[in-house]
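Biologist: Could you take me closely through one part of this model, setting out what surrounds it and how the neighbouring elements are arranged?

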Amino acid sequence: KKIEPKKSEYVIASDTAFAPFEFQNTDNKYEGIDVDLLNKAAEMQGFNLKWNHIGFAGAVQAVQGNQADAMIAGMTITDERKESFDFSDPYFESGIQLAIKKGNDEIKSYADLKGKKVGAKIGTESADFLQKNKDKYGYTIKQYDTADGLYDSVRGGQIDAIMDDYPVIGYAISQGQELATPIKRESGGSYGFAVKKGQSPELLEMFNEALKEMKRTGEYDKILDKYIADGN
Ligand code: GLN
């Protein structure tokens, strides 16, 4: 089914570095699962996009402040976010996980985080999780604007552990980052494409239609396989 766009161009906010969902390739061009899925959806449904990679918390603010029509940024669909966003159908099953520097054998469970520094990116599910469990496990939290700062800090030993989405940690490890994941990941949480609550319903509808079609034709699997190796 073809849906009529209501705007000549939709501004899309996204994260700056959240590989394999969005990241700059060696030509400084953005690619990744989110980028490819939405570009393909736009092509299939015939609407125009303008990408704005401004970071996760920045994207949330841009959509809420009407500087962007929508965001796609590996954004977990949560009840709390549903108060201010409308989400597409879920397009990826995720979950969060703790990562430490490879070779650090001090941290084998959350209890081992007592007195340690743990990092996460501002405004994310991981940052929320750390906040909620802080008193229980007795760590301190360090928040970062970007993944680069976060990952550099744990590898450099400025912090003891980080919390992030498991496919992103998995991708970093597959790219040779010296990290380990000693604790089983937290279950659940699907990613959705999001608009400000009550706005641009046609944009969500176009995405949902294209997603269904991409799943039917195998295009969806093709995009995932391009970025996620088996067993990652
Ligand atoms: N999935 C996480 C969230 O929604 C992290 C997203 C991100 O860092 N881009 O909070």
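Modeller: The cover over the buried residues of α6 includes β8, α5 (147–156), β11 and β12, where helices (H or I, at least four residues) and strands (E, at least two) are DSSP runs numbered from the N terminus. This is a predicted model, in which local features need pLDDT of at least 70 and side-chain atom pairs count only at pLDDT 80 or more, while totals for chains, interfaces and linings use all residues. Residues are numbered from 1 along each chain as its sequence is written.

Within α6 (residues 166–174), the buried residues are Pro 167, Val 168, Ile 169, Gly 170, Tyr 171 and Ala 172; a residue is buried if 20 or more other C-beta atoms, placed from the backbone, lie within 10 Å of its own. Just after this helix, Gly 176 takes a positive phi of about 100°.

Turning to the strands, β8 (residues 96–101) is itself mostly covered, with five of its six residues buried. β8 pairs in the antiparallel sense with β11 (residues 161–165) over five bridges, pairing being assigned if DSSP finds at least two bridges between two strands, and in this pairing Gln 97 stands opposite Asp 164. β8 also pairs with β12 (residues 179–180), again in the antiparallel sense, over two bridges, and there Ile 100 stands opposite Ala 180.

Terms used. Buried ≥ 20, exposed ≤ 12 C-beta atoms within 10 Å, placed from the backbone. Contact = placed C-beta atoms within 7 Å.
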